[in-house]
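Subject: Structure handover

Hi,

Here is the structure for your set-up work. My notes follow below it.

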Amino acid sequence: MLVYMAMYHLPQGMRYATLEERKQFYTKEFSLPKVQQWLEQHKGKVKFATVIGRHTKIYPEKYREEAGTTIIIDQYKNLDEVRDYLTEFLPEAAYYDRNVYDSKNRKTGQELAFDLDPENITCPIHGTLADKMRRHQGLSFCKIELELVKEQSVSLYEHLEQRFSRMKSVYSGRGFHIHVFDPEAYALSTNERRQLAREVKEKGFQIDEWVTAGDMRLIRLPYSLHGLVSRVVIPVEKGELDRFDPIHDKRCLPRFLGRRVIS
Ligand SMILES: [Zn+2]
């Protein structure tokens with residue numbers, strides 16, 4: 001039985017994916033070559049993580065106990081095995097660990113990332129994040145917030161270009177991530193990361209400081225399924241961010257939505 005305990009308001013056409021749809025996605029659509037290509041920038045073995053049903057409360061019955069926890073996947077031979085885990089768990093979310101580890105599992109660096117989410121945007125209709133939390137709608141967002149978060153992502157990217165040169169923006173299913181792959185960014189200390197997060201905040205960007213500072217080291221895995229909104233996480237070139245429309249763009253529509261996406 002599916003229990004929709006925490007239904008968030010989402011832009012039209014976005015909705016929770018069912019278990020059957022998650023299964024269809026991870027068996028037929030999830031692209032291992034693309035994941036492989038994305039992770040080539042990451043030196044050392046990558047740890048993956050997954051959340052089965054924390055927000056959607058949709059999970060295979062046998063994983064009821066684990067549904068709300070973050071499961072780390074670090075024992076695997078190859079990406080095919082990672083996919084096997086995903087088709088077994090049928091998670092609402094899949095992540096990878098930005099930390100870089102050496103062969104003795106010691107952390108040697110961390111990929112730098114910036115996380116811009118629509119709920120952090122102050123909306124002319126729905127107010128601030130605090131207003132949304134008061135209504136228990138902390139993960140809800142609307143089309144206006146989506147537009148505003150896109151504008152912020154473009155200007156943050158341009159701001160970061162003054163300092164870094166190897167960056168990629170990713171549509172995360174809700175908002176956008178900016179990943180930085182410059183070697184010097186991997187080497188930043190925790191203090192330098194905190195300072196950078198503070199600077200960016202002070203410039204007016206509504207980022208999640210925990211992600212940039214590194215306290216939250218997991219980041220959504222590109223090409224995985226975002227099960228709260230039924231969208232595929234995809235890299236989006238900075239030049240196309242302006243025109244990118246995650247409600248209709250075919251690249252981020254999982255096949256199970258078929259023609260049922262409403263305009
Ligand atoms: Zn709004």
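Gln41 is buried, at 16% relative accessibility. Buried means under 20% relative accessible area, exposed means over 50%, and partly exposed is in between, with a 1.4 Å probe and protein chains only.

Before the rest, the ground rules. This is a predicted model, in which local features need pLDDT of at least 70 and side-chain atom pairs count only at pLDDT 80 or more, while totals for chains, interfaces and linings use all residues. Residues are numbered from 1 along each chain as its sequence is written, and side-chain values use heavy atoms, with hydrogens and water left out.

Back to Gln41. This residue sits in the loop between helix 2 (32-39) and strand 1 (48-51). Helices (H or I, at least four residues) and strands (E, at least two) are DSSP runs, numbered from the N terminus. The Gln41 side chain reaches the backbone oxygen of Trp38 at 3.3 Å. That is a polar contact: a pair of N or O atoms within 3.5 Å; within protein, one must be able to donate a hydrogen and the other to accept it, and residues adjacent in sequence count only if both atoms are side-chain atoms. Leaving out residues up to four places away in sequence, Gln41 touches Arg166, Lys168, Phe181 and Tyr186. Contact here means heavy atoms within 4.5 Å.

Next, the metal. Cys123 (SG), His126 (ND1), Cys142 (SG) and Glu145 (OE) coordinate the zinc ion at 1.9 to 2.3 Å. Donors are N, O and S atoms within 2.8 Å of the metal (3.2 Å for Na, K and Ca); water is not among the atoms, so sites may look incomplete. The zinc site is tetrahedral, with angles of 101 to 117° among its four donor atoms. For four donors, that label requires all angles to lie between 85 and 135 degrees. The spacing of the donor residues in sequence is C-x2-H-x15-C-x2-E. His126 lies in the loop between strand 6 (112-116) and helix 4 (129-134) and Glu145 in helix 5 (residues 143-160), so the pair ties together parts 19 residues apart in sequence. Glu145 is buried, at 1%. His126 is partly exposed, at 29%.

Helix 3 (residues 79-89) has Leu79, Val82, Leu86 and Phe89 buried. They line one face of the helix, because they fall within an arc of 85° seen down its axis. The arc is taken over the directions from the helix axis to the C-beta atoms. These buried residues pack against helix 1 (19-29), helix 2, strand 1, strand 2 (70-73) and strand 3 (93-97). At the helix 3 start, a side-chain oxygen of Asn78 comes to within 3.2 Å of the backbone nitrogen of Asp80.

Now the cores. A nonpolar core is a set of buried Ala, Val, Leu, Ile, Met, Phe, Trp, Tyr and Cys residues joined through side-chain atoms within 4.5 Å. The largest has 70 residues, of which Phe48, Phe114 and Leu156 touch the most other members. Helix 5 gives the most to this core, with six residues. A second, separate core of six residues includes Ile52, Tyr63, Ile71 and Phe89.

Last, some backbone angles to check by eye. Lys57 has a positive phi near 60° and lies in the loop between strand 1 and strand 2. His136 also has a positive phi, near 60°. This residue is in the loop between helix 4 and helix 5 and is exposed, at 66%.

Best wishes

Technical notes: Four donors count as tetrahedral if all angles lie between 85 and 135 degrees; four count as square planar and six as octahedral if opposite donors are over 155 degrees apart and all others between 65 and 115; anything else is irregular.
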